[in-house]
Amino acid sequence: MMSATHDAVYANISLIEQRLRRALALAVEARAAMAERKHNLAIGTLLPMQEDLTDVNALLTTIFVLHRQAAHP
């Protein structure tokens, strides 16, 4: 894999990790809110997760495209 492709894949994986860590933290907060029967707070807490997971999917797709491109230049 070329250095530029390697660096791009590495950067995208790092971003995926950041987004998933934030999504996990949001899930923990939302669960705590549900335990206190604060349904609206729990749902509101989860809203940013939707964007994070969409970003993760886009980053993952990008990684696969970069990998395929590197394999078949």
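Okay, the loop between α1 and α2: that's where Arg37 sits. When I say helix, I mean a DSSP run of H or I with at least four residues, numbered from the N terminus. Before going on, this is a predicted model, where local features need pLDDT of at least 70 and side-chain atom pairs count only at pLDDT 80 or more, while totals for chains, interfaces and linings use all residues. Residues are numbered from 1 along each chain as its sequence is written, and side-chain values use heavy atoms, with hydrogens and water left out.

So what is phi doing at Arg37? The value is near 65°, positive in a residue that isn't glycine. In general, most residues other than glycine have a negative phi. And this one comes just after α1. Arg37 also counts as exposed, at 68% relative accessibility. My cut-offs there: buried is under 20% relative accessible area, exposed is over 50%, and partly exposed is in between, with a 1.4 Å probe and protein chains only.

By salt bridge I mean a side-chain nitrogen of Lys or Arg within 4 Å of a carboxyl oxygen of Asp or Glu. Lys38 is partly exposed, with a relative accessible area of 40%.

α1 has 33 residues and runs 48 Å from its first C-alpha to its last, close to the expected 48 Å at 1.5 Å a residue. The expected span is 1.5 Å times one less than the number of residues in the helix. Which residues of α1 are buried? They're Thr5, Val9, Asn12, Ile16, Ala23, Leu26, Ala30 and Ala33. α2 is among what covers them. A reminder on the geometry: an α-helix has 3.6 residues a turn, so residues three or four places apart point the same way.

Ala42 is buried, with 1% relative accessible area. What does Ala42 touch, leaving aside neighbours within four places in sequence? Ala30, Ala33 and Met34, with contact meaning heavy atoms within 4.5 Å. The C-alpha atoms of Ala42 and Ala30 are 4.2 Å apart, and those two residues are 12 apart along the chain.

Next, the largest nonpolar core: 5 residues, namely Val9, Ile16, Val56, Leu59 and Ile63. A nonpolar core here is a set of buried Ala, Val, Leu, Ile, Met, Phe, Trp, Tyr and Cys residues joined through side-chain atoms within 4.5 Å. α1 (3-35) and α2 (39-71) each put in at least two residues, and α2 gives the most, with 3.

Last bit: charges. The salt-bridge count comes to 4. One of those joins Arg19 and Asp55, with the closest N and O atoms 3.3 Å apart. That pair links distant parts of the chain, Arg19 in α1 and Asp55 in α2, 36 residues apart. Both ends are partly exposed: Arg19 at 26%, Asp55 at 23%.

Then there's Asp52 with Arg22, at 2.6 Å, N to O. Asp52 lies in α2 and Arg22 in α1, so this pair ties together parts 30 residues apart in sequence. Is Asp52 buried or exposed? Buried, at 2% relative accessibility, whereas Arg22 is partly exposed, at 42%.
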